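Keep the structure open beside the text.

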Amino acid sequence: MNCLQNKKLVSLLSFLSFLTSCNKDIPLSLHVSYYGKSVSETAVVMKEGTFQGEKIDFVISSYPVIQNAIDSGADIEVYQSLKDEFSKRFNTEGFPQAGIFVKSDIDSSLASDFIADIKYSLNDLSKNNGKKTVEYLNSSYTADEQKNRLGFSASTLEKCQKENSLAFIEFNQVKKDKLISDFALFDVHIDENIFSSNYSKEVEIKQNKNLDYKVTVPSGAPSAIFATHLNSENLNITSPDNVKNSFVKKDSDIVIFDAVNGYNLSKANNYSYKLLSMVTYGNLFLVKNRKSENYSLDENKKIFSFGEGLIPDLVFKKLYANN
């Protein structure tokens with residue numbers, strides 16, 4: 001190879017390297033192929049690797065459902081934390097997910113003991129890896145009882161919380177202005193009317209043995225904050241559809257719900273519920289089916305998600321729907 005040919009080769013390689021580096025900054029334009037109604041439906045897809053007879057390459061899901069799928073032998077691996085990607089792209093600490101809503105009628109009289117107990121649970125789950133919660137569950141219930149009530153066991157919770165994969169945050173860790181700003185990223189423009197009068201209330205963190213309010217919460221990650229109240233008649237751990245119905249019927253004092261959906265329903269009903277605190281802030285992952293031919297994420301991949309029009313969908317589209 002002569003000197004001129006060598007220079008041309010070097011120039012070509014430099015140009016290709018430049019194109020590659022530029023391409024890394026160009027977001028992929030992806031779309032979801034199929035949706036399930038709830039996160040629980042992603043478990044079957046992760047385990048089988050198919051949906052309606054078609055191979056699925058990636059699944060959008062959350063913990064503890066992912067951990068349960070791995071423990072049951074699903075041939076999967078976490079490809080990407082959508083929280084990390086979202087935080088990097090939009091300079092946030094995650095994104096609003098599950099929130100605690102209190103009925104407006106009792107907001108001003110909400111007992112400090114209840115708020116103190118919520119703070120105790122969130123503090124343990126977000127800063128202490130849920131150690132106290134795990135200890136309590138193991139000392140009070142069998143693994144089967146834990147799974148039947150919460151949708152997961154203490155063992156699964158312990159695995160998830162080694163790195164806070166459930167993305168719990170402290171009570172009102174996200175201040176009002178920041179939460180309003182984070183909601184606006186999804187073109188959801190919340191206002192001060194949605195916030196509980198107790199949103200920033202300062203109370204001593206302590207565990208309360210009694211649950212004096214009727215609480216409805218979906219099975220899965222958010223239910224862990226009520227682990228010490230599993231025997232209470234006031235605690236209803238149920239499906240997302242039932243949680244939504246409870247929100248609409250206003251038959252619960254406290255409802256834990258998808259924050260965007262909760263805000264929209266509350267606003268439509270003259271702010272019938274107020275936001276007391278966020279619970280989780282970024283428990284969402286892109287999971288790879290290892291049976292797929294290759295590991296690249298591109299426009300041809302089949303993706304299964306859940307919660308169309310809700311946070312899982314909004315987050316993914318904000319990151320990847322650039323068409």
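Q: Which strands does helix H2 lie across, and at what angle does H2 run to E4?

A: This is a predicted model, with local features needing pLDDT of at least 70, side-chain atom pairs pLDDT 80 or more, and totals for chains, interfaces and linings using all residues. Residues are numbered from 1 along each chain as its sequence is written, and side-chain values use heavy atoms, without hydrogens and water. Helix H2 (residues 40–48) lies across E1, E4, E5, strand E11 (285–289) and E12; contact means heavy atoms within 4.5 Å. H2 runs to E4 at about 155°.

Q: Which strands does H4 touch, and what angle does its direction make with that of E5?

A: H4 packs on the sheet. The strands touched are E4, E5 and E11. With the direction of E5, H4 makes about 15°.

Q: What is the strand order of the open sheet?

A: The sheet has five strands with mixed pairing; strands pair if DSSP finds at least two bridges between them. Its edge strands, E1 (34–36) and E5 (76–81), each pair on one side only. The order is E1-E12-E4-E11-E5.

Q: Which residue in E12 stands opposite valine 59?

A: Strand E4 (residues 58–61) pairs with strand E12 (residues 303–306) over two bridges, in the parallel sense. Opposite valine 59 stands phenylalanine 304.

Q: How does H4 lie relative to H13?

A: H4 (residues 82–90) and H13 (residues 311–320) pack at about 50°, with axes 11 Å apart. Angles under 35 degrees count as roughly parallel, over 145 as roughly antiparallel, 65 to 115 as roughly perpendicular and the rest as oblique. Therefore H4 is to H13 oblique.

Definitions and conventions: Axes are lines fitted to C-alpha atoms, for helices over the stretch in contact, and angles run from 0 to 180 degrees between N-to-C directions. Helices (H or I, at least four residues) and strands (E, at least two) are DSSP runs, numbered from the N terminus.
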